[in-house]
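Here is a short briefing on a protein chain and its ligand. Start with the structure, then read the points by topic.

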Amino acid sequence: MTRRKLVAGNWKMNGMARDLDAVAAIAAAARAHPDVDVALCVPATLIAAAASRGEGVWIGAQDVHANDAGAHTGCLSAPMLVEAGARVVIVGHSERRADQNETSHDAWAKAAAAHRHAMQVILCVGETEAEREAGRAERVVQAQIEKSVPEDATGDWFTLAYEPRWAIGTGRTPTLEEIACIHAIARAKLRQMIGDTAAGIRILYGGSVTGANAGAILFTENVDGALVGGASLTAAKFVPIIAAAAAGN
Ligand code: PEP
């Protein structure tokens with residue numbers, strides 16, 4: 001089955017109004033490469049403005065509450081994000097698992113909430129360095145998938161991102177063989193859970209992707225795109241990754 005590549009940026013807690021020119025430049029690159037889907041998950045404060053400058057890019061959020069409304073101070077719901085202009089949301093990012101104690105069950109509930117409001121979902125899984133060194137990377141990722149992937153997931157709205165925590169923001173990446181191994185295990189786990197539908201689900205790799213390594217990583221077996229943190233902050237760094245995804249099409 002052919003799956004379109006998805007290159008998704010995660011600006012994390014970075015980005016001010018003065019950075020919106022980067023959104024416009026990234027959007028121009030996305031329009032120049034229509035065979036690749038491009039997403040940019042900006043801070044919630046920038047979603048509306050980014051949506052107005054980002055034609056051709058799925059502007060998105062980095063988190064969503066599992067409920068649609070209510071007494072949850074400081075949180076944002078899927079209807080609010082959609083109204084602001086978000087089409088996609090990241091859930092279960094390892095920084096939220098670490099900083100906000102989010103669990104795989106939380107990621108599952110957030111994914112379901114986003115789907116109820118027709119958002120695209122990018123759900124993150126990945127092992128710590130200690131877990132990899134203990135030979136547990138495969139089991140950790142399988143368990144996270146089992147607990148967090150909604151039973152009605154399809155490629156129309158759901159994307160999995162494999163992000164080894166030790167590779168995020170460190171400049172270190174797994175070997176291509178290690179990436180291929182976990183992606184194959186992730187796809188097999190999805191197939192076990194949801195059957196043939198799993199073939200349509202994109203599995204992104206995330207963790208220190210740059211313009212220099214994107215070409216090799218993006219065309220490793222079962223890699224359907226990239227989730228990019230640091231290198232998504234400027235068009236100069238992000239556009240080469242979009243171009244690398246397009247180059248193999
Ligand atoms: C991320 O935070 O999802 C990420 C992949 O970050 P970086 O690309 O900076 O490693």
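Ala, Val, Leu, Ile, Met, Phe, Trp, Tyr, Cys and Pro count here as nonpolar, Asp, Glu, Lys and Arg as charged, and the others, Gly among them, as polar. By that scheme, the shell around the ligand holds four nonpolar, eight polar and two charged residues. This is a predicted model: local features need pLDDT of at least 70, side-chain atom pairs count only at pLDDT 80 or more, and totals for chains, interfaces and linings use all residues. Residues are numbered from 1 along each chain as its sequence is written, and side-chain values use heavy atoms, with hydrogens and water left out.

**Ligand shell**
- The ligand is surrounded by 14 residues, each with a heavy atom within 4 Å of it.
- Lys12, Glu163, Gly169, Ser208 and Gly229 are the closest.

**Polar contacts**
- A polar contact is a pair of N or O atoms within 3.5 Å.
- The side chain of Lys12 places an N or O atom 2.5 Å from a ligand oxygen.
- For Gly229, a backbone N or O atom is 2.8 Å from a ligand oxygen.
- At Gly230, a polar backbone atom lies 2.9 Å from an oxygen of the ligand.

**Overall size**
- Along the principal axes, the C-alpha atoms fill a box of roughly 45 × 45 × 35 Å.

Notes: A polar contact is a pair of N or O atoms within 3.5 Å; within protein, one must be able to donate a hydrogen and the other to accept it, and residues adjacent in sequence count only if both atoms are side-chain atoms.
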